[in-house]
Amino acid sequence: MNELELDRYSRQLLLSNFDVEGQLALSGASVLIIGLGGLGNVAATYLATSGVETLVLADGDQLERSNLPRQVLYNECHMGLNKVVAAKEQILKKNSAAKIRTIDQKLSGEVLFNEVMKADIVLDCTDNFTTRQAINRACLQHKKPLVSAAAIRWEGQLVSFLYHQQSSLCYECLYPSLSDQQLSCNESGIVAPVVGMLGVFQALEALKVVSKCGEVKHGVLKLFDGFEGSWREMRLTQNSKCLACSVEKP
C-alpha cells in the first residue's frame with residue numbers, strides 16, 4: 001500500500017485482527033453485486049469505501065422517484081438513469097481509486113454463469129425469486145461464496161453460503177419455491193432503514209469472507225424484525241430433495 005492508502009484505511013489497519021493483511025485481501029478482491037436497489041446501493045458503497053479493489057455492478061433498471069427513500073446512494077438528478085450508471089458515478093466520487101465495471105442488464109443464463117465464475121464473492125441484492133434461484137445455482141456450481149439478503153415491510157433476512165468451503169445445503173433448500181410477488185416491496189411496501197440495514201450487513205459479511213477475518217456462518221438464516229428491533233437466528237438443514245444441492249437430485 002502507498003502512503004495515501006495507509007492514511008485512508010488507517011482506522012481499519014488499527015484492528016489487530018484485521019491489520020495490513022486484511023486490507024491487502026480487500027485490495028485484491030472482486031465482488032459481484034447483482035441488484036443496485038435498496039440493498040445493493042448501500043452494500044456497494046461500503047465495499048468501495050472500505051477498499052475492495054473491484055466491484056462489478058449488475059442491474060437493468062432505471063431509477064424512479066419511489067426508489068429514492070431507500071436507495072440513498074442516488075440523487076434526484078439521477079432519475080431516469082440506469083442504476084449502475086448512477087451508482088458508478090456516485091461511488092467514484094467517494095473513492096476515485098475504485099475499479100467499477102457495470103452491466104446494465106438483468107443477469108441470466110451464460111452471462112450470469114460467466115460473471116459468477118470471475119468473482120471472488122457474490123452479493124444477491126435482487127427482489128426476484130427466479131433470479132435468486134439462478135444466482136444460487138451459479139454460485140454453487142462455481143463454488144463461490146454467496147451473501148443473500150431480502151427486506152420487505154418491517155422485516156429483513158440475511159444468509160450466507162460458503163460454497164467455496166462446503167455445499168451441504170443451499171439457498172434452494174430454504175426456498176424450493178416462492179412467487180416473485182411475495183418478494184416484491186412494490187406490492188407489500190418497505191420501511192427504508194430496514195433495507196439499508198440489511199445492505200450494510202451484506203457488506204460486512206462480504207468483507208469478512210474476503211479478508212478471512214471474523215466469523216461467517218454457512219447456512220444460518222438471520223431474521224430481523226424492525227418493528228420490534230429484534231434479531232433471531234435459524235440454522236438451516238439440507239433438503240434431501242433439493243434440486244440444486246442434494247445428492248438425491250435427479
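Colleague: What makes Arg101 count as partly exposed?

Modeller: Bear in mind that this is a predicted model. Arg101 has a relative accessibility of 35%. Buried means under 20% and exposed means over 50%, so Arg101, at 35%, counts as partly exposed.

Colleague: And why is Glu115 called buried?

Modeller: The relative accessible area of Glu115 is 9%. The cut-off for buried is under 20%, so Glu115 qualifies.

Colleague: How do you know that Arg101 forms a salt bridge with Glu115?

Modeller: Their closest N and O atoms are 2.7 Å apart. A salt bridge needs a side-chain nitrogen of Lys or Arg within 4 Å of a carboxyl oxygen of Asp or Glu, so this pair passes. The pair links distant parts of the chain, with Arg101 in strand β3 and Glu115 in helix α6, 14 residues apart.

Colleague: What makes Arg101, Glu115 and Lys118 a network?

Modeller: Glu115 forms a salt bridge with Arg101 and another with Lys118, where the closest N and O atoms are 3.5 Å apart. That value also lies within 4 Å, and the three residues are therefore linked in a network of salt bridges. Lys118 and Glu115 both lie in helix α6, 3 residues apart, about one turn of the helix.

Colleague: How do you know that the buried residues of α3 line one face of the helix?

Modeller: Those residues are Gly22, Gln23 and Leu26. Viewed down the axis of α3, they fall within an arc of 95°, so they line one face. Their cover includes α2, α4 and α10.

Colleague: What makes β3 and β8 edge strands?

Modeller: The open sheet has 8 strands in the order β3-β2-β1-β4-β5-β6-β7-β8. β3 and β8 each have a single partner strand, so one side of each is left without a neighbour in the sheet. Its twist averages 15° from one strand to the next.

Colleague: And how do you know that β6 and β7 pair?

Modeller: Two strands pair if there are at least two bridges between them. β6 and β7 have 4 bridges, in the antiparallel sense, so they pass.

Conventions:
Residues numbered from 1 in each chain as written. Predicted model: local features only at pLDDT ≥ 70, side-chain atom pairs only at ≥ 80, totals over all residues. Heavy atoms only, no water. Buried < 20%, exposed > 50% of the residue type's maximum accessible area, 1.4 Å probe, protein only. Helix = DSSP H or I, 4+ residues; strand = E, 2+ residues; numbered from the N terminus. Arc of directions from axis to C-beta. Contact = heavy atoms within 4.5 Å. Axes fitted to C-alpha atoms, helices over the stretch in contact; angles between N-to-C directions.
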